[in-house]
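I opened my notebook to look up a few charged spots and the overall layout. Here is what I had on screen.

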Amino acid sequence: MLDLTLTVITLCGSTRFKKEFEQVQKELTLDGYIVISVGLFGHSGDNEVWENMDEDTMTETKIMLDDMHKRKIDMAESIYVVNPGGYIGDSTWSEICYAHMLGKGIKSLEEIDEEEICKKVKEHIKMAEELAWQQLDGKNHNKLMNENTVSFKHKGVVILDPWVKEEVQWNDYKFPWPKHDSEEQKVNPFRHYGKQKVATFIEEINMKKKF
């Protein structure tokens with residue numbers, strides 16, 4: 001019978017490292033971990049999946065796979081970064097920052113400096129805060145939401161900017177213009193809306209705006 005008390009670990013890294021993924025998966029499995037890996041190898045395998053896709057479908061598929069991998073991280077206690085030679089691309093940094101914001105453990109093939117991780121997380125949060133305000137500001141100037149709009153729901157309200165309270169997101173001029181430095185409007189997004197929602201928002205808006 002499967003021991004459900006075993007630690008679950010999710011593999012992260014560039015899909016160009018298929019052999020390394022397979023080797024790490026074997027080693028961690030033999031060490032007693034329940035290992036969750038990537039579903040497709042976009043750079044070094046599964047060519048039959050990608051070769052006939054048009055550009056729009058490929059983009060949508062990659063976004064779906066990125067989101068799916070975040071959900072795999074949700075299921076794990078830790079992530080293991082497959083980074084031969086220390087290589088970490090933008091998508092993998094997104095996964096590392098997401099895991100860090102959720103308080104997950106972070107292990108890796110090649111050592112990653114903790115200070116570098118913290119620096120990246122701060123950069124991601126700062127960029128997302130700026131983009132979120134621009135997004136909410138654009139909505140308040142009657143700009144339409146589109147496929148690049150990033151949001152989530154809280155108490156039935158669509159949240160475009162997690163750094164301010166939900167009641168000022170769609171205020172129709174009932175409140176002062178939303179400001180991150182307003183004592184009456186600002187919130188700690190992680191405490192107010194929840195780590196998972198906000199961490200997902202941060203990484204999604206950064207990736208969509210080509211952080």
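Predicted model: local features only at pLDDT ≥ 70, side-chain atom pairs only at ≥ 80, totals over all residues.

Is lysine 208 buried or partly exposed? I found lysine 208 partly exposed, because its relative accessibility is 23% and the buried class ends at under 20%.

**Entry 1: the partner of lysine 208**

I looked up what lysine 208 pairs with, and found a salt bridge to glutamate 204, with the closest N and O atoms 3.6 Å apart. Both residues belong to helix α7, which covers residues 195–208. They sit four residues apart there, so about one helical turn separates them. Glutamate 204 is partly exposed as well, at 29% relative accessibility.

**Entry 2: glutamate 203**

Next I turned to glutamate 203, which is also found in helix α7. Which side chain of opposite charge is nearest to glutamate 203? I found lysine 70, at 5.7 Å. Glutamate 203 is buried and has no salt bridge. The cut-off for a salt bridge is 4 Å between a side-chain nitrogen of Lys or Arg and a carboxyl oxygen of Asp or Glu. I then listed the contacts of glutamate 203, leaving aside neighbours within four places in sequence: Lys70, Ser94, Cys97, Tyr98, Met101 and His124.

**Entry 3: the other salt bridges**

How many salt bridges does the structure hold? I counted five. One of them joins the side chains of arginine 71 and aspartate 74, at 2.7 Å from N to O. These two are three residues apart in helix α3 (residues 55–74), so about one helical turn lies between them. Arginine 71 is partly exposed at 26% relative accessibility, and aspartate 74 is partly exposed at 26%. I also saw that Asp67, Arg71 and Asp74 are linked in a network of salt bridges.

I looked up glutamate 183 too, and its side chain meets that of lysine 186 in a salt bridge of 3.1 Å, N to O. Glutamate 183 is exposed, with a relative accessible area of 59%, whereas lysine 186 is partly exposed at 35%.

**Entry 4: a negative patch**

Which residues form the negative surface patch? I wrote down Glu111, Asp113, Glu114, Glu115 and Glu116. Glutamate 116 is partly exposed, because its relative accessibility is 39%.

**Entry 5: serine 151**

I found serine 151 in the loop between α5 and β5 (152–154). Its relative accessible area is 35%, so serine 151 counts as partly exposed. Beyond residues up to four places away in sequence, serine 151 touches Val158, Ile159, Leu160 and Phe201.

**Entry 6: the whole chain**

The protein chain has seven helices and six strands, and from the N terminus they run β-α-β-α-α-β-α-β-α-β-β-α-α. Of its 211 residues, 41% are buried. Among contacts between residues at least 6 apart in sequence, 69% join residues at least 24 apart. The chain exposes about 12400 Å², and carbon and sulfur atoms supply 51% of that area.

Notes: Residues numbered from 1 in each chain as written. Heavy atoms only, no water. Patch = residues over 30% accessible without salt bridge, like charges linked within 9 Å, V, L, I, M, F, W, Y side chains within 5 Å. Areas by Shrake-Rupley, 256 points an atom, 1.4 Å probe, with all protein chains shown as cover. Lys, Arg positive; Asp, Glu negative; His and termini not counted. Charge placed at Lys NZ, Arg CZ, Asp CG, Glu CD. Buried < 20%, exposed > 50% of the residue type's maximum accessible area, 1.4 Å probe, protein only. Contact = heavy atoms within 4.5 Å.
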